[in-house]
Amino acid sequence: MADSFRITLAQLNPVVGDLEGNAAKARAAWQAGKEAGADLVALTEMFITGYNAQDLVMKPSFHLAAMDQVRALAADCAGGPALAVGAPWAEDGKLYNAYCILKDGKITSRMLKHHLPNDTVFDEVRIFDAGPLGGPYSVGNTRVGSPICEDGWFEDVAETQAETGAEFLLIPNGSPYYRNKMDVRLNHMVARSVETGLPVIYLNMVGGQDDQVFDGGTFAINPGGALALRMPVFDEAITQIDLERGPDGWRIQQGEIAPLPDEWEQDYRCMVQSLRDYCGKTGFGKVLLGLSGGVDSALVAAIAVDALGAQNVRCVMLPSEYTSQASLDDAEAVAKALGVRYDYVPISEGRAAITNTLAPLFEGTEPGLTEENIQSRLRGLLLMALSNKFGEMLLTTGNKSEVAVGYATIYGDMAGGYNPIKDLYKTRVFETCRWRNTNHRNWMMGPAGEVIRPSVIDKPPSAELRDDQKDSDSLPDYPELDAILDILVDRDGSIADCVAAGFDAETAGRVEHLVYISEYKRFQSAPGARLTPRAFWLDRRYPILNRWRGRT
Ligand SMILES: Nc1ncnc2c1ncn2[C@@H]1O[C@H](COP(=O)(O)OP(=O)(O)OC[C@H]2O[C@@H]([n+]3cccc(C(=O)O)c3)[C@H](O)[C@@H]2O)[C@@H](O)[C@H]1O
Ligand SMILES: Nc1ncnc2c1ncn2[C@@H]1O[C@H](COP(=O)(O)OP(=O)(O)OP(=O)(O)O)[C@@H](O)[C@H]1O
Ligand SMILES: NC(=O)CC[C@H](N)C(=O)O
C-alpha cells in the first residue's frame, strides 16, 4: 500500500490577546482533524496570540501566558494527530516567532522564524530575535519543513530544510491582504517548490485586526507548479489535504479549488470584513454614520449593512441651509434601499446658537472657512452624542483621496472610530458603488440589487458647506488627483515623475503640499481597512513637521 499522510488545514480567525479563545479554536480544529483521521493538524503563524499582536508580544506576562497555553494544548491533544501551532517562544533571553509541534503530550519541535519582516505594516525586528537556519521536524512517517511566513519569501530557509531532509513544506502565515497579493504569494511559493523540488502547502489565516485583514486563500502546489488545492478567501475553513508517497516523493492529491474573486470583490469583502471584525472583536454590535446623500457615506452605509445587518446600522441626515433637496432625496432613498433606521436632525438651530455665542469674539471678521467648518463640527458633536447614548460606534467616511489631501474637517467629519473606505481612492469609490449595485454574495448581510441609486454616483461631489460648493473648486478633478496621488503616495514618486506622466508641475506641487500639510490630520484620524501596500498609517510613516517640498 502506498504511503499516505493527511493534514488538517485550519484557516481560522484568531483574536489578538484572547489566548483562551484561540486555544479553544485550536483544540476544536485538532478534534476535527482527529475525527478525520489526520496525521497532523496545522494552524497559522502566531495563532495562540492572534496576529499581528505588535508590542504586546514583548510583554513578558503575555508571552509567558501564551507559552503556558501551548503547553496546555500539548497535554490536552496527546492521543491523536500532531498539532502545529504558531506562538511566541522565549528562551535564553531571546524571544522568537515560533511554530510549535505538539505530539504525545509534549512540545517535540520548535521552528524559529529566521527572516523577520520589517517593512510596510511589520516591525518584527523590533519585537523578535531571528532564529537560526534549521532542519525539518518529524511527524509520523515523514519529515516536514516549515518556513514561517516571511521565511517563505526567501530561498535559504526552505533550501536548508530540504537539504536536511524535509520531504514537503508546510508554510504557516499571517499574511494580510493587499490588492492582487495572491499573485505575489503564488510566485514565491512556486519559486520555493522549483528550488527544492518539494510540494508546498501555504496556510494563511483570516480575519480583521485593526487596519489589516488576513484573507486566507490557503493553497497547495505540487512540484511543477500545479495547483492542488485552494481554500476560500476571507472565510474560516477547515480542510483535509492528502499526500501520497510515490517514486519521486510526496505528491498532494488533487483537492477542491475555491474560486478567486476579482479585485473589486476582494476589496469590497476586505472592507466589509474589517468592519465586521473591528466591531465584533471590540464588542460593538451597532454603528451609525452621517448620511449626506453623497457617494462616500452611501458606500460606507452599504458596507456597514453588509457587515452587521440593517438592524444594526443607523443613518442620520443632518441638513443645513446648504443641503439641497436632491441630497435629502438621495440620502433617504439610500437608507430605504438598505433598510436601515434613518434619522433626520437639522443643524440650523444649533448652528445659530453657536454663531450667536461666538459673535462677540468674531466681531469685525468676515465669515469664511471657520463658519463652514462649524457645520461639520456640529454634525460630529451630534453624531458622537448619539454614539455615546446608544453605544453605536460612529463611522467616518473620508476616502483615500480626501484623507491624502486633508479634505475633511478635523473634529468635524473626521470624528469617529473606524473608516472602512480610508484606503479607497474616490475614483474607486464610484466604481465600487456600481459593483455593489450589480453584485450580491452570501457573505453580504444587506439586500441584493441597486442599493445606491445612480443619482448618488453621478452627481458632482460637493461638501455642501456653502452655496454651490463643488470639490473641484479647490481640488483637481478626481481622476487627475488620484493619478497624481498614486505617483506621490503609492509609488513614493516626485513632482518630476508627475510631469513625466503628463501632469502640470504646479498642480502636482500643490497636491504634494496638501499631502504634507495634512499629516497632522491623518495622525489624529480613525483607522481603516488596508487595501494596498501603501495605506495611510503603518505603511507610510511621515513626519508631521516637515519642510521638504519637491521641486516643481
Ligand atoms: N500642523 C498642524 N498641527 C496641528 N494643527 C494644525 C496644523 N495645521 C493646521 N492645524 C489646525 O487645523 C485647523 C484647520 O483644519 P480644519 O479645521 O480641518 O480646516 P481646513 O483643513 O482648513 O478645512 C477643511 C477643508 O475640508 C473641506 N471639507 C470639509 C468637510 C468635509 C469635506 C468633505 O468633502 O468630506 C471637505 C472644506 O471645504 C475645507 O476645504 C486649524 O484650526 C489649525 O489650527
Ligand atoms: N447633510 C449631512 N447629513 C449627514 N451627514 C453629513 C451631511 N453632510 C456631511 N455629512 C457627513 O460628513 C461627511 C463629509 O461629507 P461631505 O458632504 O462634506 O463630503 P463628501 O466627502 O463628498 O462625502 P459624501 O460623498 O458622503 O457626501 C459625509 O460623508 C457625512 O458622513
Ligand atoms: N507575517 C509575515 O511574515 C508576513 C510577511 C510576508 N511577506 C507577507 O506579507 O505575506
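Predicted model: local features only at pLDDT ≥ 70, side-chain atom pairs only at ≥ 80, totals over all residues.

Reader: Okay, which residues have the most contacts inside the largest nonpolar core?

Author: They are Val85, Ala301, Ala304 and Val334, in a core of 152 residues. Such a core is a set of buried Ala, Val, Leu, Ile, Met, Phe, Trp, Tyr and Cys residues joined through C-beta atoms within 7 Å, and buried means that 20 or more other C-beta atoms lie within 10 Å of a residue's own, against 12 or fewer for exposed and anything in between for partly exposed, with C-beta atoms placed from the backbone.

Reader: And which helix gives the most to this core?

Author: That is helix 7, residues 295-308, with 11 residues; helices (H or I, at least four residues) and strands (E, at least two) are DSSP runs numbered from the N terminus. Domain 1 (4-260) and domain 2 (264-466) both contribute residues, so the core lies between them, the domain bounds coming from an automatic or database assignment.

Reader: What does Val334 touch?

Author: Not counting residues up to four places away in sequence, Val334 touches Leu291, Ala298, Ala301, Val451, Ile452 and Val456, where contact means C-beta atoms, placed from the backbone, within 7 Å.

Reader: Switching to ligand 2, how many residues surround it?

Author: The shell of ligand 2 holds 20 residues, the closest being Gly290, Ser292, Gly294, Ser297 and Ala463; a residue is near a molecule if its C-beta atom, placed from the backbone, lies within 6 Å of it. Helix 7 gives the most to this shell, with 3 residues.

Reader: What does UniProt say about Gly290?

Author: The UniProt record, an unreviewed entry, has a "binding site" annotation covering Gly290, Leu291, Ser292, Gly293, Gly294, Val295, Asp296, Ser297 and Thr397. These residues span 108 residues in sequence, yet no two of their C-alpha atoms are more than 12.3 Å apart, so they gather at one spot. UniProt positions follow the numbering used here, feature names are shortened, and annotations may be inferred rather than shown by experiment.

Reader: Is Asp296 buried or exposed?

Author: Asp296 counts as buried, because it has 25 C-beta neighbours inside 10 Å. Asp296 is found in helix 7 and, leaving out residues up to four places away in sequence, touches Thr397, Asn399, Ile421 and Val429.

Reader: Now ligand 3, what are the residues around it?

Author: Around ligand 3 are Glu45, Pro117, Phe122, Cys149, Glu150, Trp153, Gly174 and Ser175.

Reader: Where is Ser175, and why does it count as buried?

Author: Ser175 sits in the loop between strand 8 (168-173) and helix 5 (181-196), and it counts as buried because it has 28 C-beta neighbours inside 10 Å. The unreviewed UniProt entry also places a "binding site" feature at Ser175 and Lys181. Lys181 is in helix 5 and counts as partly exposed, because it has 16 C-beta neighbours inside 10 Å.

Note on methods
Residues numbered from 1 in each chain as written. Chains lettered and ligands numbered in written order. Contact = placed C-beta atoms within 7 Å.
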